[in-house]
Number of protein chains: 4
Amino acid sequence: MIRLHRFAVLTLAALLTLALSTTAFSQHVRNPLPVPDVEGFKTLKCDFHLHTVFSDGRVWPTVRVIEAYRQGLDVIALTDHDDYHPWAPHVSEDLMRPHELAKPMADELGIILIPGIEITKGEWHFNALFLEDRNVTKNLEKKEALIAAKKHGAFVFWNHPGWQRPERWFPEIDPLWDSQLFSGIELVNGKTVYDGIYQEMMDKNLAILSNTDWHMPATEGDIEGRAITLVFARTADPSGIREALEARRTAAWMGGEVWGSKEMLTGLWEGAVKVENSSGTVAAGGSYTLRLSNSSAFEFRIDAAAKPEWLSLRGSRLAAQSGMAVAARIAEEAPQGSHEIDLVFKITNFHTGPGENLVVNVPLRLVVE
Amino acid sequence: MIRLHRFAVLTLAALLTLALSTTAFSQHVRNPLPVPDVEGFKTLKCDFHLHTVFSDGRVWPTVRVIEAYRQGLDVIALTDHDDYHPWAPHVSEDLMRPHELAKPMADELGIILIPGIEITKGEWHFNALFLEDRNVTKNLEKKEALIAAKKHGAFVFWNHPGWQRPERWFPEIDPLWDSQLFSGIELVNGKTVYDGIYQEMMDKNLAILSNTDWHMPATEGDIEGRAITLVFARTADPSGIREALEARRTAAWMGGEVWGSKEMLTGLWEGAVKVENSSGTVAAGGSYTLRLSNSSAFEFRIDAAAKPEWLSLRGSRLAAQSGMAVAARIAEEAPQGSHEIDLVFKITNFHTGPGENLVVNVPLRLVVE
Amino acid sequence: MIRLHRFAVLTLAALLTLALSTTAFSQHVRNPLPVPDVEGFKTLKCDFHLHTVFSDGRVWPTVRVIEAYRQGLDVIALTDHDDYHPWAPHVSEDLMRPHELAKPMADELGIILIPGIEITKGEWHFNALFLEDRNVTKNLEKKEALIAAKKHGAFVFWNHPGWQRPERWFPEIDPLWDSQLFSGIELVNGKTVYDGIYQEMMDKNLAILSNTDWHMPATEGDIEGRAITLVFARTADPSGIREALEARRTAAWMGGEVWGSKEMLTGLWEGAVKVENSSGTVAAGGSYTLRLSNSSAFEFRIDAAAKPEWLSLRGSRLAAQSGMAVAARIAEEAPQGSHEIDLVFKITNFHTGPGENLVVNVPLRLVVE
Amino acid sequence: MIRLHRFAVLTLAALLTLALSTTAFSQHVRNPLPVPDVEGFKTLKCDFHLHTVFSDGRVWPTVRVIEAYRQGLDVIALTDHDDYHPWAPHVSEDLMRPHELAKPMADELGIILIPGIEITKGEWHFNALFLEDRNVTKNLEKKEALIAAKKHGAFVFWNHPGWQRPERWFPEIDPLWDSQLFSGIELVNGKTVYDGIYQEMMDKNLAILSNTDWHMPATEGDIEGRAITLVFARTADPSGIREALEARRTAAWMGGEVWGSKEMLTGLWEGAVKVENSSGTVAAGGSYTLRLSNSSAFEFRIDAAAKPEWLSLRGSRLAAQSGMAVAARIAEEAPQGSHEIDLVFKITNFHTGPGENLVVNVPLRLVVE
């Protein structure tokens with residue numbers, strides 16, 4: 001049915017015209033997925049790797065826009081394969097189309113749509129963003145394709161770098177790297193984390209990316225803990241996003257884990273978490289119940305340490321958009337009087353490098369009676 | 001990414017070949033949606049009205065098969081419009097394709113796929129099932145199209161009969177009806193119930209249909225309480241389904257409500273519900289807690305009455321795949337001794353006709369002390 | 001087990017002492033249930049009617065505090081019956097105890113605990129809040145009991161005013177009202193709304209209360225849409241709550257519905273909802289997709305009207321802590337040029353009086369091309 | 001409120017009487033938590049360790065019965081501490097009461113209630129089930145108490161054997177073991193698994209127990225994956241349960257993991273899982289999609305192996321009350337013809353001993369074309 005029940009009398013012509021924009025008459029619900037801004041940068045939730053029926057995906061381009069709105073994203077790119085078209089000849093191979101067909105819906109729903117493609121040369125896949133002419137890399141060899149993309153102004157990153165292989169920096173990638181033909185790497189693709197490449201990415205100052213690479217429509221199971229690239233942008237528009245990518249101000253977020261720089265991750269913690277009772281009175285041998293609240297969609301898994309040693313706190317989990325009350329134990333030998341205490345929280349699901357976690361301080365003033 | 005990480009070394013050719021069947025390597029989870037069989041008939045859960053990108057839908061044909069598996073359906077038909085192709089020329093208009101492309105996945109997942117189309121002539125829409133040659137109705141006027149479909153062996157039903165109009169039996173439908181060009185009506189399309197046509201359907205002995213008419217991928221909100229046609233078939237195969245449709249052994253199920261014949265709906269109750277304690281001892285002025293269990297995905301909303309009058313029971317709701325304990329009140333004036341009691345349950349969400357509900361009896365033996 | 005595994009060596013004495021405060025060592029998670037403050041008043045979420053094992057409830061007093069923390073409440077009162085003690089002699093009848101036993105936990109979790117009782121005289125029940133000496137009304141007749149409560153400084157309200165009767169203002173209540181022995185009424189008790197008393201409450205300027213009256217521990221089903229009294233307080237402490245009750249600055253919230261004054265409910269809307277795109281460009285015959293976001297735990301069910309008539313908008317539902325995109329239809333006859341439009345939203349689940357709903361305006365600037 | 005709204009006119013006396021059984025008038029909903037019977041034994045879901053306000057619990061005894069009904073249990077025991085009564089003198093210390101107060105509700109809801117206590121001597125805790133005189137162990141030393149319990153006919157097991165200590169067989173327990181004063185051990189208490197004692201339990205042929213030891217009312221988080229003792233009984237009554245405990249026919253179930261004998265766990269798999277397509281035709285280099293269905297509340301985490309080597313299957317997860325379709329890969333070198341294949345599934349969450357998992361065979365007949 002062409003879902004227009006609501007309007008009384010329509011000519012067939014009007015009916016067909018309207019049908020093309022039928023979803024405009026639907027109501028869509030957005031999970032806001034709140035994340036705090038950081039140091040004056042706007043924190044944008046992005047997915048730069050998505051497929052449609054215009055290569056080997058299984059959805060129409062507008063579906064990706066509606067999914068993005070519903071799931072709380074701000075930015076997406078439709079990146080169909082340049083040289084892989086299993087649905088041809090049933091579906092066109094023209095890579096100008098996915099972006100063009102999705103753009104009006106993106107404007108309606110306030111989603112920023114970045115033009116893009118996936119350069120697909122055998123096992124070597126790279127995404128090229130901000131590419132206005134999206135058919136220029138077809139039938140080229142991989143290095144030539146990257147050169148063409150760059151010449152046409154693309155921001156390029158290397159996709160799922162451990163695909164079909166042990167994860168590492170492959171020798172075959174060196175010529176591309178030496179020619180500066182890509183500027184970022186997917187640390188996360190779908191539900192997979194490419195840990196083996198993490199150190200190399202940091203050493204080479206490549207942008208961290210985290211994308212879903214969805215081909216099917218998103219199911220409930222996919223959405224839970226989906227991959228997101230956080231972009232810390234000066235302005236919430238394509239040029240702001242580009243500038244942030246070039247400046248490497250990104251982080252990866254997937255399955256409750258976040259990977260990024262110490263500065264940005266500290267900013268996320270500070271913007272998300274409030275201590276509700278940072279001072280109080282306790283009894284030696286008793287306890288102090290600390291209350292935190294988290295306004296963001298991040299969760300924080302906390303390993304706590306403290307000076308002095310007479311205060312002990314177990315590990316805890318501050319869930320997304322929740323409060324948490326957790327009791328610190330005050331030893332019998334706690335000295336009477338007023339104390340300035342530094343709780344040291346290691347956030348075990350926030351990664352600032354290979355094997356490194358975000359560490360934050362929570363000051364506390366306690367009077368022991 | 002073409003999601004094949006797992007295999008060590010693949011030639012590009014093998015890779016491209018495999019990519020065409022990638023979802024074969026995924027794991028799919030099925031909500032079984034249990035419904036009881038009835039009187040020796042197999043109860044099949046069907047959706048005979050679904051769209052793909054081959055008309056104005058927004059998913060690839062295989063998506064509908066996977067959705068059906070996940071949601072517990074047994075049977076679907078892909079019924080793209082014959083004369084409405086807004087995605088052309090980007091996508092082919094050949095209506096042979098959706099069924100052909102989806103069939104291997106249907107076989108893998110055990111979903112019965114019925115070939116079909118939606119005959120779409122202005123505001124008049126009919127689905128033609130079991131149609132092997134699916135391009136025969138194109139560019140014909142509506143009556144001609146129905147004649148052609150019938151000639152090619154289709155089972156035809158009228159879709160969403162109140163669309164764009166007050167629901168009723170339209171005069172324009174009479175010539176089609178007089179020529180016996182359709183055999184069923186969608187009492188339910190999507191989330192809409194066409195009550196106004198219910199009596200006429202029953203008087204004319206038309207098959208009751210209930211279909212989703214989905215164009216977009218199914219979201220969680222769509223799946224909850226989705227439209228399903230229940231088919232009571234002698235055999236779980238296309239010919240069994242056809243025989244049941246011709247014999248009018250169907251029911252509609254949507255949003256917790258079921259519409260069908262008294263015989264079939266009684267069978268669903270009897271196959272789904274068990275009384276766990278049909279006898280017991282009570283005190284006058286006390287209560288008796290009746291315990292029921294429901295093994296089906298139906299819920300039953302119960303208005304209870306009883307003879308004798310000294311036992312009273314409030315309305316209750318027996319949820320899907322749940323048990324329920326509900327207390328009957330025994331009046332002070334209940335006579336001592338053993339009593340055979342007939343609880344009369346009106347199932348307010350099971351409809352056996354316009355304004356009529358299923359009524360079932362629950363015998364109870366109580367000894368009043 | 002006395003759940004102290006974590007500490008290595010403990011004497012039995014220490015063990016028994018600690019056991020009394022074991023829940024202090026647990027982690028509790030709070031659903032923040034965000035509601036906006038209004039006009040400089042703090043909006044407090046309160047339940048002034050709860051039972052424990054000290055009358056006919058089935059939980060220990062601290063359970064109510066933990067439930068309140070978890071469910072996002074700010075304020076509770078434990079109001080056991082003065083003259084109904086079915087668990088005696090197994091449990092003490094001393095009404096000083098519930099509050100005293102719960103107070104340390106309330107302090108730990110930041111819950112404001114108001115001392116109270118339920119004056120229970122046959123079918124007449126009144127809650128007395130802020131009552132320090134909670135055994136003073138025992139064995140008194142109802143009017144005497146209310147006089148005693150008032151003399152001891154209580155704020156008194158009438159509970160579930162339609163209990164066992166058609167809902168109305170009962171003649172028997174007149175002597176109590178004439179003597180000004182109560183100052184509020186439960187418009188909502190549990191899942192029941194006492195509509196029949198609403199007009200009378202407003203005419204007599206009685207405080208609106210909405211409480212759960214829970215006896216059992218709260219289950220998931222209870223928590224969903226539970227009764228809450230919203231108190232608009234100058235300060236988030238017992239005296240601020242008392243002042244707000246005396247000044248009648250309260251609202252009722254239950255099952256998604258809110259009842260209160262036009263001023264306060266307007267403030268809740270304004271604090272909760274943002275229009276994300278209040279201006280734009282449209283085509284005659286096209287549509288404009290309006291995007292709203294709601295940061296609160298309220299939902300808003302919207303019936304929309306608009307001037308001019310060439311813009312039409314269907315009813316919609318802005319879910320709690322969600323965004324919503326809803327398309328307005330622009331008629332073919334919409335005149336070209338820039339227009340200042342007033343959308344008029346009737347919030348059908350926000351009640352400002354019997355049969356009256358909150359109405360809010362949403363200004364929009366549209367350029368028709 | 002004493003929740004009796006529904007009855008028109010009641011004297012206060014009748015009202016107070018009825019109030020004592022008010023929950024009888026509520027409706028309770030049961031999650032059936034289906035588990036299959038095994039080899040002619042009835043599989044009963046039991047929790048033999050629960051607290052109430054009669055020691056240090058925080059709920060009235062009937063609450064435990066209602067929780068058991070709602071959560072799909074068949075059998076519970078209320079086991080308050082003999083020598084630990086922190087709520088005294090507010091609450092009675094008489095251990096006859098919890099069982100007696102809960103029994104009528106248990107009969108109404110069909111829950112089997114086993115009389116019991118927790119013998120609590122410093123850090124040594126044992127549960128004594130089937131104890132009619134439940135005050136006989138008070139103020140006795142631990143060995144004397146166990147002797148008294150045994151003399152009065154109790155079935156005794158050792159609770160949370162690693163509490164406050166590294167988990168192991170403690171030297172202090174030897175005198176009790178040598179005197180045969182206990183017959184089982186909690187392998188699971190709450191969310192804790194006492195792995196360190198598992199081998200010793202098996203060597204000594206002690207019954208495996210798995211109990212919640214709940215003190216607070218059960219929250220949603222507690223219920224998910226709660227501890228359950230599975231008892232394989234000849235008859236679903238107290239004597240059948242006792243016989244099964246004495247014969248060691250029990251298993252532990254918690255958090256998706258099951259621990260028990262190979263015989264019983266094989267029976268659970270066979271009763272729960274059906275292979276829907278155990279034969280089919282495949283292409284060399286293609287795949288075969290195997291479909292399983294699981295009618296039970298268990299999940300099965302599967303590590304698959306197969307002979308011959310040309311068929312490979314990845315790990316999968318067969319969720320509770322769900323179906324699963326998972327693709328087996330057929331290597332290019334698969335020989336043509338008909339093959340009888342044995343899939344070997346290791347169920348990694350079903351434990352038949354320390355470090356041992358349940359292994360089951362799934363026969364398959366494939367024709368390679």
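How many Å separate the centres of domain 1 and domain 2 of chain A, taken over C-alpha atoms? Point 2 gives the figure.

1. **Confidence.** This is a predicted model. The predictor assigns the complex an ipTM of 0.90 and a pTM of 0.92. For chain A the average pLDDT is 91, and 92% of the residues score at least 70. Residues 1-25 of chain A are another matter: pLDDT stays under 50 there. The model still has 35 contacts beyond four places in sequence for that stretch. Where pLDDT is low, predicted coordinates should not be read in detail.

2. **Domains of chain A.** Domain 1 covers 33-260, and domain 2 covers 273-368. Their centres lie 38 Å apart, taken over C-alpha atoms. The two domains do make contact: domain 1 of chain A puts in 11 residues and domain 2 of chain A puts in 10 residues. On the domain 1 side, α6 (198-203) and β12 (257-259) of chain A are the elements that give two or more residues. That side of domain 1 divides into 8 nonpolar, 2 polar and 1 charged.

3. **Chain pairs without contact.** Chain B and chain C do not touch. Their nearest C-alpha atoms are 13 Å apart. Chain A and chain D do not touch either, and for this pair the nearest C-alpha atoms are also 13 Å apart.

4. **Nonpolar core.** The largest nonpolar core has 420 residues. Which residues have the most contacts inside it? They are A:L187, B:L187, C:L187 and D:L187. Take B:L187 as the example. Leaving out residues up to four places away in sequence, its contacts include B:V193, B:Y194, B:Y198 and B:M201. B:L187 also touches B:I208, B:L209, B:S210, B:A252 and B:W259.

5. **Cis peptide bonds.** From A:A88 to A:P89 the peptide bond is cis, with omega near 5°. A:P89 sits in the loop between β3 (75-78) and α3 (97-109) of chain A. In chain C, a cis peptide bond joins C:A88 and C:P89, with omega about 5°. C:P89 lies in the loop between β3 (75-78) and α3 (97-109) of chain C.

6. **Positive phi at A:H160.** A:H160 is not a glycine, yet its phi is positive, about 30°. The residue is in the loop between β6 (155-158) and α5 (174-178) of chain A. Is A:H160 buried or exposed? A:H160 counts as buried because it has 25 C-beta neighbours inside 10 Å, and the cut-off is 20 or more.

7. **Positive phi at B:R248.** B:R248 has a phi near 65°, again a positive value in a residue other than glycine. Its place is the loop between α8 (238-246) and β11 (250-254) of chain B. B:R248 has 17 other C-beta atoms within 10 Å, so B:R248 is partly exposed.

8. **Strand β15 of chain C.** Why is β15 (residues 287-294) of chain C described as largely enclosed by the rest of the structure? Because 6 of its 8 residues are buried. β15(C) pairs with strand β13 (residues 273-275) of chain C in the antiparallel sense, over 3 bridges. In that pairing, C:K274 has C:S293 of β15(C) as its bridge partner. β15(C) also pairs with strand β19 (residues 322-330) of chain C, antiparallel and over 8 bridges. Here C:S287 stands opposite C:R329 in β19(C).

Note on methods:
Residues are numbered from 1 along each chain as its sequence is written. Chains are lettered from A and ligands numbered from 1 in the order in which they are written. This is a predicted model: local features need pLDDT of at least 70, side-chain atom pairs count only at pLDDT 80 or more; totals for chains, interfaces and linings use all residues. Domain bounds come from an automatic or database domain assignment. Two residues are in contact if their C-beta atoms, placed from the backbone, lie within 7 Å. Helices (H or I, at least four residues) and strands (E, at least two) are DSSP runs, numbered from the N terminus. Ala, Val, Leu, Ile, Met, Phe, Trp, Tyr, Cys and Pro count as nonpolar, Asp, Glu, Lys and Arg as charged, and the others, Gly among them, as polar. A nonpolar core is a set of buried Ala, Val, Leu, Ile, Met, Phe, Trp, Tyr and Cys residues joined through C-beta atoms within 7 Å. A residue is buried if 20 or more other C-beta atoms lie within 10 Å of its own, exposed if 12 or fewer, and partly exposed in between; C-beta atoms are placed from the backbone. pLDDT is the predictor's confidence in each residue, from 0 to 100. Two strands pair if DSSP finds at least two bridges between them.
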